[in-house]
Amino acid sequence: MQNVSNKICGMCGSSNLISDRSLGGKIVCVKCGSSFIRSKGILYSRNKNFYYFLLILLVILLVIIF
Ligand SMILES: [Zn+2]
């Protein structure tokens, strides 16, 4: 069993994941047992892009109002 970094569970969002040898090295969530794993880095960059988009939208709105 090995701890997996930079990955989170796609079901519950827990970062407590293990590589299960009995499942052929498949990464599973310790908390809910799900094998649907997402990358933390991708999630972070997506959120970052979303906030950047919101900021641009806010600036555009301010330009229109004033
Ligand atoms: Zn989970």
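**View 1. Overall fold of the predicted chain.** The model is predicted: local features need pLDDT of at least 70, side-chain atom pairs count only at pLDDT 80 or more, and totals for chains, interfaces and linings use all residues. Residues are numbered from 1 along each chain as its sequence is written. Helices (H or I, at least four residues) and strands (E, at least two) are DSSP runs, numbered from the N terminus. Of the 66 residues, 5% count as buried (20 or more other C-beta atoms within 10 Å of the residue's own, with C-beta atoms placed from the backbone).

**View 2. Surroundings of C12.** C12 is partly exposed because 13 other C-beta atoms lie within 10 Å, a class between buried and exposed, the latter meaning 12 or fewer. Leaving aside residues up to four places away in sequence, C12 touches C29, K31 and C32; contact requires C-beta atoms, placed from the backbone, within 7 Å. The C-alpha atoms of C12 and F36 are separated by 9.7 Å, with the two residues 24 apart along the chain.

View 3. Strand β3 (residues 26–29) runs antiparallel to β2, and four bridges join the two; strands pair if DSSP finds at least two bridges between them. L17 has C29 as its bridge partner in β3, while D20 stands opposite K26. Five residues separate the strands of this hairpin, and G24 in the turn has a positive phi of about 75°.

**View 4. Confidence along the chain.** The mean pLDDT (the predictor's confidence in each residue, from 0 to 100) is 83, and 82% of the residues reach 70 or more. Confidence is highest in β3, at a mean of 90, and lowest in helix α1 (residues 40–65), at 81.

Definitions and conventions
Two residues are in contact if their C-beta atoms, placed from the backbone, lie within 7 Å.
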